[in-house]
Amino acid sequence: MTAQIIATQPIDGQKAGTSGLRKQTRVFMAPHFLENYVQSILNGIGGASGKTFVVGGDGRYFNDRAIQVILRMAAANGATHVIVGQNGILSTPAASHLIRKLGTDDGFILSASHNPGGIDADFGLKFNMANGGPATEAVTQAIFEQTTTLTEYRILDAHDVDLAKIGETTLGDMKVSVIDSVSDYAAMMSELFDFEAIRALFAGGFRMAFDAMHAVTGPYATAILEGTLGAPKGTVLNGVPSPDFGGGHPDPNPIWAHQLMDIMTGHDAPDFGAASDGDGDRNMIVGRGAYVTPSDSLALIAAHAHLAPGYKAGLSGVARSMPTSGAVDRVAKAKGIPCFETPTGWKFFGTLLDAGKANLCGEESAGTGSDHIREKDGLWAVLMWLNIIAASGHSVAVLMDNHWTTYGRNYYSRHDYEAVDSDAANGLMDHLRSQLGSLPGHHVAGLTVTEADEFAYRDPVDDSYTSGQGIRVMFSGGSRVVFRLSGTGTQGATIRVYLERVETSPNQLHLTPEEALAEVIAAAEELAEIKTRTGRDAPDVIT
Ligand code: VG1
Ligand code: CO
């Protein structure tokens, strides 16, 4: 087995977005594309010599081939040890946990997360660092710079490693350990949550439906919910990961998880429903006929986390991404703990978690997690809810009602306009930017603007500065609209419009989001001229 040095040239567009590098699968499979990016990562971190890595992915099309390439390149670049999930499977949270538990230098996670999979869909590669979290902005930039000057990569001329068999083998001078994908993660969950209480809940007839969406959480949910916790067989739906996620879109929201929504709103609905995404870091929570927005879920968890054994000392602080609703802010205020507002993407929570400034974080896009790892964690959120339900004895609907009565309700919705012409999307954002200075004091669709800005963030731990993170327009009374361009799409631009209204009147807590947000939606249209600029009559996805 010899290390080969292959001559190559820089490939355009190898710039990571909100969460890793995401491209259409065929782009990733083009000659040298994956190899160039992996070598750029290794160069960007100062080489692989003597290093250990965790490698795994969500099982989507090309996962298995990409892992074999990464293994051969790690070996050729002098890595000493790579730990791989069996059959190449590791959820993003499980990979983050393994990096931390085993003390490896870094990790490679093969996933395009909530994007569909298959040869005609999307593929992705995320690089995580020794704290278990996504590469920081600085490292991401260093890697990108490498992609623009790369002239060669190193790869071992070798056979495939058998990833089906648990055990140790070697590839050149490098050790390869194939490990069970689920057991370490499951053990960590049993330490954080009151498994006895949740087991008793299921034994008492509590019924649940978990939709794994043919993605990576299938084996994890089956082992934990149906295995350890004794939920009846069949609790986990779509539990076998498939390379194209059963032809679906593995994004856990009421639109894409409509099978679960139909079950939860149908006759004989179970008590509790949940779903997770392609790589297992997102979650959806739904009670019988009661969908919980991710922003509300974060706030409710902040209010009740002390009921779970791993959090009984209470929270040190909470953090949310800027577009996430302010519901959690009011819980933090009531508890007297800090609440941080960060740019979109889990990488911005890492320093706060490492420094102990926050130990609960969340995003409106169905991401929730804590300092147990450095990624958001879908099943963690589901188990946290089960723990809260078991400890409080309340249903999801009662928990949310009580929460709104105590703290008020942040009505919230996100409108996505997908695959919009990039020039039109940039024009829309430029137009908004040009209005910022003149908006305060003006009336838009019956609302009065109090503040308008483009969000920028100075990290309170490492002092790094990130600008251009979304346009915010705040209205009197606490309503708000935020506009951002997505950093995870692979075609054209996706415009995200985040709509929010705060309501504290006791008789206004049960409106539909459409009713409650009608004025804010009208204001968003008036400010951004979405219809005329994009040619779209309505959003593609409303969550
Ligand atoms: C989206 C979400 C963001 C999330 C990111 C990665 O990014 O809005 O909150 O962190 O996806 O999630 P964007 O730039 O498209 O808005 V995952 O589960 O796809 O890794
Ligand atoms: Co994900």
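Which residues are the closest to ligand 1, and how many residues surround it? Before I answer, please keep in mind that what we are looking at is a predicted model. In this model 18 residues surround ligand 1, and the closest are Thr-18, Ser-113, Ser-486, Gly-487 and Thr-488. When we sort that shell by residue type, we find 12 polar residues and 5 charged ones, together with 1 nonpolar residue.

Let me now step back to the protein as a whole, which contains 18 helices and 27 strands. Its C-alpha trace spans about 75 × 60 × 40 Å along the principal axes. Of the 543 residues, 54% count as buried, and if we take the contacts with a separation of 6 or more, 74% of them come from residues 24 or more positions apart.

I would like to finish with one element, helix H4, which covers residues 92-102. Because 9 of its 11 residues are buried, helix H4 is largely enclosed by the rest of the structure. Those buried residues are Thr-92, Pro-93, Ala-94, Ala-95, Ser-96, His-97, Leu-98, Ile-99 and Arg-100.

Key:
Residues numbered from 1 in each chain as written. Chains lettered and ligands numbered in written order. Predicted model: local features only at pLDDT ≥ 70, side-chain atom pairs only at ≥ 80, totals over all residues. Buried ≥ 20, exposed ≤ 12 C-beta atoms within 10 Å, placed from the backbone. Helix = DSSP H or I, 4+ residues; strand = E, 2+ residues; numbered from the N terminus. Near = placed C-beta within 6 Å. Nonpolar A, V, L, I, M, F, W, Y, C, P; charged D, E, K, R; others polar. Contact = placed C-beta atoms within 7 Å.
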